[in-house]
Amino acid sequence: MKVLEANKIGELAAALSAAGWRVLLPVEDGNVVRLAPWSPGAAVRTDVLPVNSLKDALLPPSEAIVRFALDGDDFTVQETPVDSTRTVALCVRPCDASAVGLLDTIFNWDFPDAFYNARRSAVTIVSLVCASADEQCFCTTVGGQPDATAGADAILRPAGGGAKLILEPLTGKGRALADAAGAMLADATVAADPPAEVPRRFDRPAVTEWLRANFNSPVWLDWSLACLGCGACAFTCPTCHCFDIQDESTRSQGVRYRNWDTCAHALFTQHAGGHNPRADQATRRRQRLMHKLSYIPERFALVGCVGCGRCERVCPAGLGIVEICQAIEETQKVPAR
Amino acid sequence: MIENIYQPTIMRIAASHDEAPDVRTLRLEFSQDQARQEFFAAYRVGQFGIYGVPGAGESVFCVASPPTRQEFIECTFRRVGRVTSALQDREVGQTITFRGPYGTHFPIDSWRGRNLLFVAGGIALPPLRSVIWNILDRRDEFGHITIVYGARTVADLVYKHELAEWAARGDVQLVTTVDPGGQTPDWAGKIGFVPAVLKELAPPSDNCVALVCGPPIMIKFSLPVLTELGFTPDSIYTTLENRMKCGVGKCGRCNVGSLYVCKDGPVFTVRQVMAMPQGDL
């Protein structure tokens, strides 16, 4: 098996960068750890989940989807380049890697999206088995595992108490990455450390069943009173993919951008005529839960949540998926009157 | 290399017509014949387009002209915001961006030999106008055609010249109405709300398909009238107007339940609409 010294991740990144790859990996950025492009001197941190998800590498917060040349009231539509820079995302958590299954589905059903697919084809995803989990982690509740391989091209398994990493290629892209890593990898036989234990936090299928029957439940109001509607949950979520399209222009150039958007925002569904189907935060918070755990399972036979726990970690009000789903379980325990 | 699904085609404004205060119809010609042919190979009534001005943005409206007229498309819309203002500010001869057609259509081929009832209110006549002209251009294939159209005031009625044309044809029953107080001294139509006028008219439901499009309040009170007349939820069609951006099932904005209005709609039967989570409509 191919083995890498765990403290050599930075060197591996440097070697791949020198070989022409764009290397994304978790690095210290101020007082947070962010999945970001490697640069010389970057402090690699594989001990915590980055604040942002792998989604950023496939669907950036803002990107040009149409470019125009403007000349007074005349214009021409220009070619808009896609980003197919050869990229490797190192030490991505298995929850993040598994989220690409849903993104692949959304960005390809009927109308393949060229911008997403260019990035997707160009990226090699190397996930890192979680050796530890925190209180917000709940991947096992929604079908994941701390050592799951879904979505990954290769997986790094900690060994020797975290001193070493076993690189296990899973796809052709993963094998090509292992070849590129070349001399950084040693041939050795070591036993992988046990992955983190992530307890199940709620009964996901039972919650989905409850959601299907309780669109009109009065509890949505109680559960949303603390929500500020800031959208932090959606922006850090590995599967949230909703976007807005907005134009910007100067006198000579126009750009049509797609920007991240979220159902947490009031304007998301507001009609031009004034009517808003989701006029309050309760209906918007309901949409977030329903979309992830009821509508996506119904429509695509997938679960719209990978259990990374970011929504709860970043929420200024401490709200998350787990708390609300546990509350749903509690309502089911109350005997019918 | 996958084509860019957001890349618009360019349309030239061939004509512009003011229908009502702030409501304008633009007649658009394709700048490339290949784009025109591709559009009309796909287009069926009820589908929508995405119209835009570079620098201002894109807006979604129905295509208000029928596929039986393949030289141009028309759209009718109210000036309500940045994009609709930019579109209305364009002059005849200038260009705009266009994507489409998108979404589902009214299954008019399955309605051959049947009677048709159109019920529309205010600015919601445009999505039915394409169907009406498509049916009239193939008049022999269909039975009785009844159109009930109302607006708040006489000035708010759109397509006034076409209403006169339909009334004069002899093979269409047209009933127009305005809300009480919205009439002018020379108004010859009905005075009353659409549901009440519909009830008084009592069009028979036998072998008839109803198409209802209007403000939510009009739809809410028209459906019980239609039900009383014997129309079933499967024989009443409508078109939803959810806010959209991408039009191609990606941006998530038009989700209602597990449906995407841009791909599963905008045309639905009332039975389908009733199965949706009503609080999200």
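Me: In which element is B:Pro101 found?
Reply: B:Pro101 belongs to strand 6 (residues 95–102) of chain B. Strands (E, at least two residues) and helices (H or I, at least four) are DSSP runs numbered from the N terminus. The model is predicted: local features need pLDDT of at least 70 and side-chain atom pairs count only at pLDDT 80 or more, whereas totals for chains, interfaces and linings use all residues. Residues are numbered from 1 along each chain as its sequence is written, while chains are lettered from A and ligands numbered from 1 in the order in which they are written.

Me: Which peptide bonds to B:Pro101 and B:Pro266 deserve mention?
Reply: The bond from B:Gly100 to B:Pro101 is cis, with omega near 5°. The bond from B:Gly265 to B:Pro266 is also cis, with omega near 10°. B:Pro266 sits in the loop between helix 7 (261–264) and strand 15 (267–269) of chain B. Such bonds are noted because most peptide bonds are trans, just as most residues other than glycine have a negative phi.

Me: Why does B:Tyr159 count as buried?
Reply: A residue is buried if 20 or more other C-beta atoms, placed from the backbone, lie within 10 Å of its own, exposed if 12 or fewer, and partly exposed in between. B:Tyr159 has 21 such neighbours inside 10 Å and therefore counts as buried. Its phi is near 55°, a positive value in a residue other than glycine. B:Tyr159 occupies the loop between strand 8 (145–151) and helix 4 (160–169) of chain B.

Me: Why is A:Asp110 called exposed?
Reply: A:Asp110 has 10 other C-beta atoms within 10 Å, so it is exposed. Phi of A:Asp110 is near 65°, a positive value in a residue other than glycine. This residue lies in the loop between helix 4 (100–106) and helix 5 (114–122) of chain A.

Me: What makes A:Ala266 partly exposed?
Reply: The count for A:Ala266 is 13 other C-beta atoms within 10 Å, so the residue is partly exposed. A:Ala266 is placed in the loop between strand 12 (253–260) and helix 10 (281–300) of chain A. Leaving aside neighbours within four places in sequence, A:Ala266 is in contact (C-beta atoms, placed from the backbone, within 7 Å) with A:Gly229 and A:Asn276. A:Thr283 is 17 residues from A:Ala266 in sequence and 10.0 Å away in space, C-alpha to C-alpha.

Me: Why is helix 7 of chain A called roughly perpendicular to helix 10 of chain A?
Reply: Helix 7 (residues 204–213) and helix 10 of chain A pack at an angle of about 95°, with their axes 9 Å apart. The helices are therefore roughly perpendicular; the term covers 65 to 115 degrees, against under 35 for roughly parallel, over 145 for roughly antiparallel and the rest for oblique. In helix 7 of chain A, A:Val207, A:Thr208, A:Leu211 and A:Arg212 meet A:Leu289, A:Met290, A:Leu293, A:Ser294 and A:Pro297 of helix 10 of chain A. This contact has six nonpolar, two polar and one charged residues.

Me: What makes the radius of gyration of chain A agree with a compact globule?
Reply: A compact globule of 337 residues would have a radius of gyration near 20 Å, and chain A has 22 Å, which agrees. The C-alpha atoms of chain A fill a box of roughly 70 × 60 × 40 Å along the principal axes, and 45% of its 337 residues count as buried. The secondary structure of chain A comprises 12 helices and 12 strands.

Me: How many residues does the contact take from chain B and from chain A?
Reply: The contact takes 36 residues from chain B and 42 residues from chain A.

Conventions. Two residues are in contact if their C-beta atoms, placed from the backbone, lie within 7 Å. The radius of gyration is taken over C-alpha atoms; the globule rule is 2.2 Å times the number of residues to the power 0.38. Axes are lines fitted to C-alpha atoms, for helices over the stretch in contact, and angles run from 0 to 180 degrees between N-to-C directions. Ala, Val, Leu, Ile, Met, Phe, Trp, Tyr, Cys and Pro count as nonpolar, Asp, Glu, Lys and Arg as charged, and the others, Gly among them, as polar.
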